[in-house]
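Subject: Structure for your review

Hello,

My notes on it come after.

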Amino acid sequence: MDLEYTPEEQQFRDELRTVFYEKVPAEIRERVVRGQISREDIVASQRILHEHGLAVPHWPTQWGGKKWTATQQNIYASELQRAAVPTPLAFNVSMVGPIIAEFGSQEQKEKFLPATANLDIWWSQGFSEPEAGSDLAGLKTTAIRDGDEYVINGQKTWTTLGQYGDWMFLLARTNPGAERKQQGISFILVDMKTPGIERRPIKLIDGSVEVNEFFFDNVRVPVSNLVGEENKGWTYAKFLLGNERNGIAQVGTSQRVFAELVDAAKETDVEEGTLADDPDFRSRLHTAKMRLLALEATQLRVAGASADGKPDPASSLLKLEGTRLLQSLTALRLDAGGTDSVLVGDTEGTDGTPVGLSSEHAASTAALQYLNMRKLSIFGGSNEIQRGVIAKAVLGL
């Protein structure tokens, strides 16, 4: 397999870099590097990308998409991450948007897709429940039809950035008596202003409030908010989760973090020279570099092998190794920062997110980033689940 970009692909990459580095404000990209990105940053960045036709390139062209090759899609994702541009909100562009475009009614497409692409609507994901995480099909939230409405009762948890959500796409059991648990589930859109919805924030180990839990008490939703067919939600969920998993490897992010780590090692003084001169640390750096090169090659191979819009089963390998590598890199960054790395936010914003760090040094966010990256082993299908997929679908065991 030829892993070098063609001249046309190199030109495509350079055109992307022009937008990412010159159109997206440097102060936003700097806040991404420091882990201090705000809701306003995400909205502003996505609207800039949408203005240049780069927010939803994988959507149908009718709704703002591009007819890019798998390699172009890969270049786009990697360059976006390397430039520290906020990734377009995944709930909008990689999850509910493609579902509505593929399975929604014409009315739903016209109502939601333009606003979803421009982030005029902030979507939240209502999938996980206290007893239905990796085993998502075990969900218990119900949506019982009553005339022209569904009455929703239940609980959703680990709802990332749910405090900002205008709408939620959720899975609910519309046929509790279905023979198999994967049956009888529907995909429903819910306006978060609807009476009967309660949000409770969940404070994380790093002090932030990134996830939430929601309680639904007789929440009445129009039947017109059902996406696709009733009781076919599990089919749509599998389609969505395949899109989500492909993006979690974050190869471009790892490339950027590695480059920052090398620079930090050169600037960190130790007993004899700098941290970059320390044999043990250099060995760990070289090991990370080899893993990164292997991950880059694997991503190109998987992108080239995907066909008919269906992800290659090896995407599970990307998710597994990509998240493990990013966790290793943040651990190295924590070590490189030394005592500066233990500094955390000394005040909280209105949503509980730490603001105003105790030090302007970049290392001051290392502990926050290290702790936050622990979640990568779980979301998007836990790493243990991915090992099972690899064993069956890739190795044939």
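The notes cover helix packing and then strand pairing.

Please keep in mind that this is a predicted model.

Helix packing

Two packed helices are described by the angle between their axes and the distance between the axes.

α8 with α10. Helix α8 spans residues 251–267 and helix α10 spans residues 315–337; their axes come within 10 Å and cross at roughly 20 degrees. Angles under 35 degrees count as roughly parallel, and α8 and α10 are therefore roughly parallel to each other. Their crossing is left-handed. On the α8 side the contact is made by Thr-253, Ser-254, Val-257, Phe-258, Leu-261 and Ala-264. These meet Gly-322, Leu-325, Leu-326, Leu-329, Leu-332, Arg-333 and Ala-336 of α10. By class, this contact has nine nonpolar residues, three polar and one charged.

α4 with α8. Helix α8 also packs with helix α4 (residues 70–82), where the axes come within 7 Å and cross at roughly 35 degrees. This crossing is right-handed. From α4, the residues Ser-78, Gln-81 and Arg-82 meet Val-251, Gly-252, Thr-253, Gln-255 and Arg-256 in α8. The residues of this contact divide into one nonpolar, five polar and two charged.

α10 with α12. Helix α10 packs with helix α12 (residues 383–394) at an angle of about 140 degrees, and the axes are 8 Å apart. The crossing is left-handed. Here Ser-316, Leu-317, Lys-319, Leu-320, Thr-323 and Arg-324 of α10 meet Asn-383, Gln-386, Arg-387, Val-389 and Ile-390 of α12. The class count for this contact is four nonpolar, four polar and three charged residues.

Strand pairing

Is strand β5 (residues 185–191) enclosed or open? Six of its seven residues are buried, so β5 is largely enclosed by the rest of the structure. Buried here means under 20% relative accessible area.

β5 pairs with two strands that I can point you to. With strand β4 (residues 167–173) the pairing is antiparallel and runs over seven bridges. Within it, Phe-169 has Leu-189 in β5 as its bridge partner. With strand β8 (residues 226–227), β5 again pairs in the antiparallel sense, over two bridges. There, Phe-187 stands opposite Val-227 in β8.

Regards

Notes:
Residues numbered from 1 in each chain as written. Predicted model: local features only at pLDDT ≥ 70, side-chain atom pairs only at ≥ 80, totals over all residues. Heavy atoms only, no water. Axes fitted to C-alpha atoms, helices over the stretch in contact; angles between N-to-C directions. Helix = DSSP H or I, 4+ residues; strand = E, 2+ residues; numbered from the N terminus. Parallel < 35°, antiparallel > 145°, perpendicular 65-115°, else oblique. Left-handed = near helix turned anticlockwise from the far one by under 90°. Contact = heavy atoms within 4.5 Å. Nonpolar A, V, L, I, M, F, W, Y, C, P; charged D, E, K, R; others polar. Buried < 20%, exposed > 50% of the residue type's maximum accessible area, 1.4 Å probe, protein only. Pairing = 2+ DSSP bridges.
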